[in-house]
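Welcome! Open the model in your viewer, keep the selection tool at hand, and follow along from stop to stop.

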Protein chains: 2
Amino acid sequence: MTSGNPEPAESVAPPVRIAVLGTGLIGTSIALAAARAGIDVTGWDADPDVSARAAATGCLTPMSTLAAAVADAEIVFVCTPIPAVARTVAEALASSPDAVVSDAASIKGRIAADVSEIVATSDLRRFVPGHPMGGSERSGPEHASASVVDGIVWVLTPTPATEPAAVDRVASFARAIGAKPTTLAPERHDRLVAFVSHLPQVASTSLMGLVATEEADEPDILLLAAGGFRDLTRLAASNPDLWADIMLANGEQVAEAIDLYVARLIWLRDRLREDRSEDVALLFREAKQARLRLAAKPQVRAGVAVLQVEIPDEPGALARITAVIGEGGVNIEDLQIVHSPEGGRGTVHLTVAGPAVDDATEVLASHGYDPIRLA
Amino acid sequence: MTSGNPEPAESVAPPVRIAVLGTGLIGTSIALAAARAGIDVTGWDADPDVSARAAATGCLTPMSTLAAAVADAEIVFVCTPIPAVARTVAEALASSPDAVVSDAASIKGRIAADVSEIVATSDLRRFVPGHPMGGSERSGPEHASASVVDGIVWVLTPTPATEPAAVDRVASFARAIGAKPTTLAPERHDRLVAFVSHLPQVASTSLMGLVATEEADEPDILLLAAGGFRDLTRLAASNPDLWADIMLANGEQVAEAIDLYVARLIWLRDRLREDRSEDVALLFREAKQARLRLAAKPQVRAGVAVLQVEIPDEPGALARITAVIGEGGVNIEDLQIVHSPEGGRGTVHLTVAGPAVDDATEVLASHGYDPIRLA
């Protein structure tokens, strides 16, 4: 990252014990990854039932109070919903005078500001705002997994008050569980996610809302909706309350991203009305080039690799290739049929854990496939 | 459809011979489906090489001139790129005094208008503008397949000049090859596809273009881009010249759809700036409900069925389920891992041909899976 912040030091030893406050999907996933790395975890959740369900995974010792959970922890991770983060961070800092406290909220500027309002400056040096960039469409401790944080980019957004040594300690934990810590100023983080995370959500939700409104007058409109429409509106089915919280907490950045997006849409609208064919074609050509560059980039989840393989279009073809991968002892993290299997051959993208890519490539090649590594 | 047009009569016999002008992916796919149904096909393409490659599929007799191709055809399908459609339709009508002529362009108002300008009214009664709603990301006769048109909605958009008997003849062909003919006024077709096909393309292209521009200042922005961003920008990689032609030919309808989309984006932007949390949450909730209704609807490609199946998250799990399906002799048309396989179980959506869904369900159930039919 080119944040201007120094990258965290790599020489700091990882913690022996951490606490997780808020044991939903992300908190319990962090706990599972910590337990796997031999780190003790205590846990607390405002909802004792959630806490008990997290404890059932065997990765943490549940505590009945926040104070008890943080008592002996070197690092405390606050993984509550956004509206509860600042006050939980403040409580953790107050309850544990030596611990470093971090959080996992997907916006950072507002969190840092809210915390600084309610916490003494002397304690702020121990607060390291963070955003582990992993997740799942599902929620709750039952769906937690260490793989949620495997190989992810873990953004740390220290404020001017944050002590560098505190950043190093959180980074040492992230590295110990297999994530990639990186630093970014809080405002910069929020600006970037406004474009690549929050704006896509806005674009998808608005498209779905618009077509739903049109449907009232044109009940058959969705008969004409094909795969492209489904791709664009998939995000609209995400957890609405979670997303409303995120959008509102990053309101100004998202509003600015919407402004730039709207300006582009209006530019294209005017070129269409003026029948400016060269401008329109150029816009589509440039966007295609950009998307192809994106496809060629490694996936964000740095822990995975993607192989492209051609398969024949016939019953059993997918079975054979997945059987071959299974034989190699490799778990398929994701599988996508890239071209619909029309015209005799299909192309699949297989996502596997990074360290498994050589095994997967070898076993595929030995069975006559010709895998191409994309990322 | 509630177009006000009468649905085409079902009693008309399918043609014995058709001609396809423009033997790219869609033209050759129509020819393959026709040949499968026992219908003779002659073909012509402005590019003799494309014509020869189409002939190599064995489904059509290539002709060296347009006039020769249409000579004995009862129905002529014009499947050229949009800029060539009107004049090719005019030539076909002039060359074959009895044939019905249809086309496959994805916009209809402009085509109908252009044709009516260059064709005598007496010939216009034999022109049936059409839009078979199938396709593939690929192009060229090599990638053609009868499955491109299997079970699709084939929209026919007769003009006031079109004779109902001509519509019935094209509809009889569509039914004969396994598609579902339906009628819609040209303007109405164009308005609906502007929302569900052209606007998604605009939204995706504009988002990709915006982030590519931001990337110039923020080279790390794509490190923070996850699956949602990839979903939203996948369409941006489509054929840019094809899409520019479509957008320009449907310019005013697309411009109006953009206006409505922009109005929604601005509404949300203002609510974010005003911190109107209830309005924002309601918007996200309503869009989620609409998207869930869409997911519950049958897919557009009416010939397919989708089964949802839970599988364990372990090496070989995907291999086992695909092997079971293969054993049942069923071809998997598409497979999507819906939830990333985090947390012990994964959910896959299997798309199979409609008639194969009972076989697929039965063989899955007999192996202990619990498939749920979604569509």
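Two residues are in contact when heavy atoms of theirs lie within 4.5 Å. Among contacts in chain A between residues at least 6 apart in sequence, 73% join residues at least 24 apart.

A word on the ground rules before we go on. This is a predicted model, in which local features need pLDDT of at least 70 and side-chain atom pairs count only at pLDDT 80 or more, while totals for chains, interfaces and linings use all residues. Residues are numbered from 1 along each chain as its sequence is written, chains are lettered from A and ligands numbered from 1 in the order in which they are written, and side-chain values use heavy atoms, with hydrogens and water left out.

**Stop 1: chain A**

Of the 375 residues of chain A, 58% count as buried. Here buried means under 20% relative accessible area, exposed means over 50%, and partly exposed is in between (1.4 Å probe, protein chains only).

**Stop 2: both chains together**

Now bring in chain B. How is chain A superposed on chain B? A rotation of 180 degrees does it, with 0.0 Å of shift along its axis and an RMSD of 0.1 Å. The two copies are thus related as by a two-fold rotation axis. The superposition is by least squares on the C-alpha atoms of residues with pLDDT of at least 70 in both copies. The same surface serves both copies, since 100% of the contact residues of chain A recur in chain B.

**Stop 3: the interface**

Select the residues of each chain that touch the other chain. In this selection, 128 residues of chain A are in contact with 128 residues of chain B. Between them the two chains bury about 11,500 Å², 63% of it on carbon and sulfur atoms; this buried area is the accessible area (1.4 Å probe) that two parts lose on being put together, summed over both.

The interface of chain A and chain B also has 23 residue pairs in polar contact, both residues at pLDDT 80 or more. A polar contact is a pair of N or O atoms within 3.5 Å; within protein, one must be able to donate a hydrogen and the other to accept it, and residues adjacent in sequence count only if both atoms are side-chain atoms.

Helix 8 of chain A gives the most, with 23 residues.

**Stop 4: salt bridges between the chains**

A salt bridge is a side-chain nitrogen of Lys or Arg within 4 Å of a carboxyl oxygen of Asp or Glu.

Select A:R188 and B:E218, whose side chains meet in a salt bridge (2.8 Å, N to O). The pair crosses from helix 8 of chain A to the loop between helix 8 (186-217) and helix 9 (227-233) of chain B. Are these two residues buried or exposed? Both A:R188 and B:E218 are buried.

Next, pick A:E214 and B:R191, which form a salt bridge at 2.5 Å, N to O. A:E214 lies in helix 8 of chain A and B:R191 in helix 8 of chain B, so the pair joins two chains. A:E214 counts as buried at 9% relative accessibility, whereas B:R191 is partly exposed at 25%.

Then go to B:R285 and A:D241, a salt bridge of 3.1 Å, N to O. B:R285 sits in helix 12 of chain B and A:D241 in helix 10 of chain A. B:R285 is partly exposed, with a relative accessible area of 30%, and A:D241 is partly exposed at 38%.

For a group view, select A:E252, A:D259, B:R269, B:D270 and B:R273, which are linked in a network of salt bridges.

**Stop 5: B:R126**

Finish at B:R126, in the loop between helix 6 (121-124) and strand 6 (127-128) of chain B. B:R126 counts as buried, at 4% relative accessibility. Leaving aside neighbours within four places in sequence, its contacts include B:L93, B:D98, B:V101 and B:A166. Show side chains, and you can find a polar atom of the B:R126 side chain 3.3 Å from the backbone oxygen of B:P97.

Definitions and conventions. Helices (H or I, at least four residues) and strands (E, at least two) are DSSP runs, numbered from the N terminus.
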